[in-house]
Amino acid sequence: MLLLTQPTIAQVTPNFSMSFDHVALSVKNIEKSSEFYKTILELNEITNKTKVEGIRWFSLGDGKELHLISSIKGDIKLNKAVHFAVTTSNFDAFIKQLNVMKVNYSSWAGEENKITIRNDGVKQVYIQDPDDYWIEVNSVTDKY
């Protein structure tokens, strides 16, 4: 009986691929967090298709989204390894904007107002949103 079922199992294995859709962050104050993402990262707010209160959606480009969710309460333990990254085609202008707006940023090593330059030449800094989530902003624009 076992020999007869193995070919059947192999035939029903689905063939599918995955692609990135969105990242969701639990936030304490939806208004404050939304303002941060609109002002500092200049993300465009899009329609929250769930229509659930306490949730706001933002476009990350190319059909990718950021969802801010304030409806679930609880503590979250964060460190810099838990982050998401966005890239900009004008990294130097972004750094100037952070300086003008007096937004703190740091290198991967935690040096304030310093830029990390990776071995491959990519520049990166880390900032935190109002809920202390880490966001990497880098100069990678041409991938693969």
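Visitor: Where does Glu 42 lie?

Guide: In this predicted model, Glu 42 is found in the loop between α2 and β2.

Visitor: Why does Glu 42 count as exposed?

Guide: Its relative accessibility is 52%. The term exposed requires a value over 50%, and Glu 42 therefore counts as exposed.

Visitor: Which residues does Glu 42 touch, not counting residues up to four places away in sequence?

Guide: Glu 42 touches Tyr 37 and Gln 97. Here touching rests on heavy atoms within 4.5 Å. As for Leu 60, 18 residues apart from Glu 42 along the chain, the C-alpha atoms of the two are separated by 9.9 Å.

Visitor: What puts the buried residues of α2 on the same side of the helix?

Guide: The buried residues of α2 are Ile 30, Ser 33, Ser 34, Phe 36 and Tyr 37. They cover an arc of only 155° around the axis, and so they share one side of α2. In general, an α-helix has 3.6 residues a turn, so residues three or four places apart point the same way.

Visitor: Which exposed residues does the face of α2 turned away from its buried side carry?

Guide: That face carries Glu 31 and Lys 32. The buried residues of α2, in turn, pack against β1, β3, β4, β5, β7 and β8.

Visitor: How does helix α2 run relative to β3?

Guide: Helix α2 (residues 30-39) runs at about 15° to β3 (55-61), and lies across β1, β2, β3 and β4.

Visitor: What makes β1 and β2 the edge strands?

Guide: The four strands form an open sheet of mixed pairing, in the order β1-β4-β3-β2. Both β1 (22-26) and β2 (45-46) pair on one side only, and they are the edge strands.

Visitor: How do you know that β1 and β4 pair?

Guide: Pairing requires at least two bridges. Between β1 and β4 (residues 64-69) there are five bridges, in the parallel sense, and the two strands therefore count as paired. Val 23, for instance, has Leu 66 in β4 as its bridge partner.

Visitor: Which residues have the most contacts inside the largest nonpolar core?

Guide: This core has 25 residues, and those with the most contacts inside it are Leu 25, Tyr 37, Leu 41, Leu 66, Ile 127 and Ile 135. The largest share, four residues, comes from α3. Leaving aside neighbours within four places in sequence, the contacts of Ile 135 include Phe 36, Tyr 37 and Leu 41.

Visitor: Where is confidence lowest, and where is it highest?

Guide: Confidence is lowest in helix α1 (residues 2-12), with a mean pLDDT of 54, and highest in β2, at 98. The protein averages 88, and 85% of the residues score at least 70.

Technical notes: Residues numbered from 1 in each chain as written. Predicted model: local features only at pLDDT ≥ 70, side-chain atom pairs only at ≥ 80, totals over all residues. Heavy atoms only, no water. Axes fitted to C-alpha atoms, helices over the stretch in contact; angles between N-to-C directions. Core = buried A, V, L, I, M, F, W, Y, C linked by side-chain atoms within 4.5 Å. Buried < 20%, exposed > 50% of the residue type's maximum accessible area, 1.4 Å probe, protein only. pLDDT = per-residue confidence, 0-100. Arc of directions from axis to C-beta.
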